Every structure is written in C-alpha cells, then in structure tokens.
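Here's a quick briefing for anyone meeting this structure for the first time.

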Amino acid sequence: MNVIVNGEPRELPEGSSVTEAVAAVTASGAGVAAALNDEVVRRSAWDATTLREADRLEVLTAVQGG
Amino acid sequence: MAPGRNTGRDTGLTAKANQNVKDGDMEDGKRTGVHANGTGNGANVQNAADADRLVIAGDELGSRLIMGTGGAPSMHVLREALVASGTELTTVAMRRVDPAARGSVLDVLAGCGIRVLPNTAGCFTAGEAVLTAKLAREALGTSWVKLEVIADEQTLLPDPIELVEAAEQLVADGFTVLPYTNDDPVLARRLEQAGCAAVMPLGSPIGSGLGIRNPHNIELIVERAGVPVILDAGLGTASDAALAMELGCDAVLLATAVTRAQSPARMAAAMRYAVEAGRLARLAGRIPKRHHAQASSPFEGLATGG
C-alpha cells in the first residue's frame, strides 16, 4: 500500500494504522499530532484508524519559531 | 500621551498603583518618605508592580514579556535567553517531524517551567491556519494559539481577510485566539469582535528590527481595545519594548531581537527590564510635553551679584 507521509511516498503494509505510520517517521510520540487527509486524528483514535491507498498523513511537532 | 483607554482596566491599575504609593506616604508620616525611607514607597511600588499581572482569557501571567523561540543558534543559547527574559509564555511553530532533529524546544520550555504558545507561522490561508492550530492543540494539549496568517513571504504581513476568517473559525471551535495583526485599529476591533482573547499588532515587519513605525495607531488600538494589546513583531532593542509599554500595550512579544542579538541572554534581560520600566512609566503617568522649558528650581531667593 502506497501512502504519502509528510510529503514523501512510503510503502506500508496493507491495513497499517496511524500509530504504525507515525512510528515510521518518529520514534517519539510525545508532542506529536497527526492529520489524515487534512483532518486531525485524535491520539486516542490512532490505533483504530487505518490508512488506505494514496492517503496523505501529516505528522507534526513543535519546533523553534515565532 | 493619550489618556487611559475607555475600558477602565488601565485606569483601575493606575489608581491601584497610585493608591499604594499614597499609603506608603501615610505610613511614613511625611511626604518626604520617598527619599527619607527607601523601604517605604520603594517596597510599595514594587508590591504594586508584582500585583500588576497580565490577564489573558482569565489566566494570569507574571511577566509581560512573551518570547518567541525562532532564530536561536542552539537550544543552550535559547534556554539562557528565556531564563534571562523572565518570560512565562513562549511561542513555538508546528512543523513536520524531523527524524534527524536533536533536542526538542518543548524540553527546553518544560525545563524552564514556561508555558507553550503554538503559532500558525507560515500559513497563507485560513484553512491552513485552522488545521495547524488543531494539530497544535492535539500535540501540545493547549487551546491557546498565536494566530498568524501571512500574505506573502517578502513582507510577512498579515492577510486581514484570511486572518479574520481563521479567527472566527477557531473561536467557534473553542480556541483562545491571539492574532498577530496589522497595526490597524479597525482590524484590531474586528478581531476583538470575532472573540479573540487579545490583539497583537505589529510594530513593523517580522524580524525587521525597525521598531514601532506607527505609534499613533498603536495608541488608537490601545484606547479602543477591551482585550489585552500585545505589541508583536519588529522590535529591535530595549527602547522599542519600553515604548510599546509606554504607549499602553499590555505586553510585548518578541523573538528575533533577542535570539539574533550578539548576546541573546543579555538582550533578553534588557527586554525584561525595558518592559517593566515601560509599564511602570505608563502607570505612573508621564508629564505632558511642553514647547518651552519649565524650571524645576524656584526663582525666589536667588543670590544677586554685582
């Protein structure tokens, strides 16, 4: 299954969850949020939310700014 | 200098500060207590300053200096500067996770006991800003957001149309919205009417260090605002921060002036004192400006020569 995670194409096993996709880009889950196709996925729903072909996942955290 | 704003908040603070000074005089038993007894009035003025807290959306902050974290050369330098600034609220940006990143700005803020204020820097549309704010709320567990919707990369000036649209959506979603706005009294009022918890007019473009280019507009915003006014962006050095407070702003928000100074921690301390000095000067009530001199020494009793 091909998805876009933070703008980069990635191949993940069929039925991968948001939790698994996030783990592919960061080891730390603290201070991190995810949006699937421009909708925020609450942390409590990460395990139960599965990705589909061509989904776009954004995984953000806080950096220096402002 | 303009009188206190029409909300009565500033007037109340001034009255409170003056009352404390007056009480000090009475305790000392003489009007000369200011100089004769350094612990009398001095302590009361300090107490008044301590009690003069910034309140945003019902939350009290002990410092009127809000810091940004952008531009610091290292986490170590950032930490030193934040500590020296005395700030209690500091902004961060939200970006895609970088697996190679070393050290987290969140760890620095947590270590200093500083509350985090996520921003929507880099967003050009209301839609982008709203999504970024929602991600920040989820990631950081705060519904406060510094709302930033810029028009173009060259000026980094706010896009007023997108800004108001984003503010309305975020307020409706339960956010405490602190919008970075133009130094436009009309736009500031529209943002307040949209339910924003403060308005944050720029002094000049972000990172420019040009100071406050339109002090009159800042005064107009202060006079008409019913929410805290936070001077945000463009400050270059301590006198700019003091001026913001003297104009009646409730706080200042700055980053570059400190983080890109040759000695960030030293400039952070300068900004801290400038904000305190400017606030005290505002509450003290400056003398009116005069065209001609006014002698401070009496003319009576002069020695006559020849």
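Let's start in chain B, where the axes of helix α10 (residues 238-246) and helix α12 (residues 264-284) come within 7 Å and cross at roughly 30°. Helices here are DSSP runs of H or I with at least four residues, numbered from the N terminus; axes are lines fitted to C-alpha atoms over the stretch in contact, and angles run from 0 to 180 degrees between N-to-C directions. This is a predicted model, where local features need pLDDT of at least 70 and side-chain atom pairs count only at pLDDT 80 or more, while totals for chains, interfaces and linings use all residues. Residues are numbered from 1 along each chain as its sequence is written, and side-chain values use heavy atoms, leaving out hydrogens and water.

**α10 and α12**
- α10(B) and α12(B) are therefore roughly parallel to each other (that means an angle under 35 degrees).
- Their crossing is right-handed, meaning the near helix is turned clockwise from the far one by less than a right angle.
- On the α10(B) side, the contact (heavy atoms within 4.5 Å) includes B:A238, B:A241 and B:M245, and among its α12(B) partners are B:A270, B:M271 and B:A274.
- By class, that contact has nine nonpolar, one polar and three charged residues; Ala, Val, Leu, Ile, Met, Phe, Trp, Tyr, Cys and Pro count as nonpolar, Asp, Glu, Lys and Arg as charged, and the others, Gly among them, as polar.

**α4 and α12**
- Helix α4 (residues 75-85) of chain B packs with α12(B) at an angle of about 20°, their axes 7 Å apart.
- This pair, too, is therefore roughly parallel, and α4(B) passes α12(B) in a right-handed crossing.
- B:V77, B:E80 and B:A81 are among the α4(B) residues in the contact, with B:P264 and B:A265 among those from α12(B).
- The contact splits into eight nonpolar, one polar and two charged residues.

**α6 and α7**
- In chain B, helix α6 (residues 126-140) and helix α7 (residues 160-172) pack at about 35°, with axes 8 Å apart.
- The crossing of α6(B) and α7(B) is right-handed.

**Charges over rings**
- B:R115 lies over the face of B:W144, 3.9 Å from the ring centre; the rule wants NZ of Lys or CZ of Arg within 6 Å of the ring centre and within 35 degrees of the ring normal.
- B:K146 lies over the face of B:Y180, at 5.5 Å from the ring centre.

Note on methods:
Chains are lettered from A and ligands numbered from 1 in the order in which they are written. Helices (H or I, at least four residues) and strands (E, at least two) are DSSP runs, numbered from the N terminus. Angles under 35 degrees count as roughly parallel, over 145 as roughly antiparallel, 65 to 115 as roughly perpendicular and the rest as oblique.
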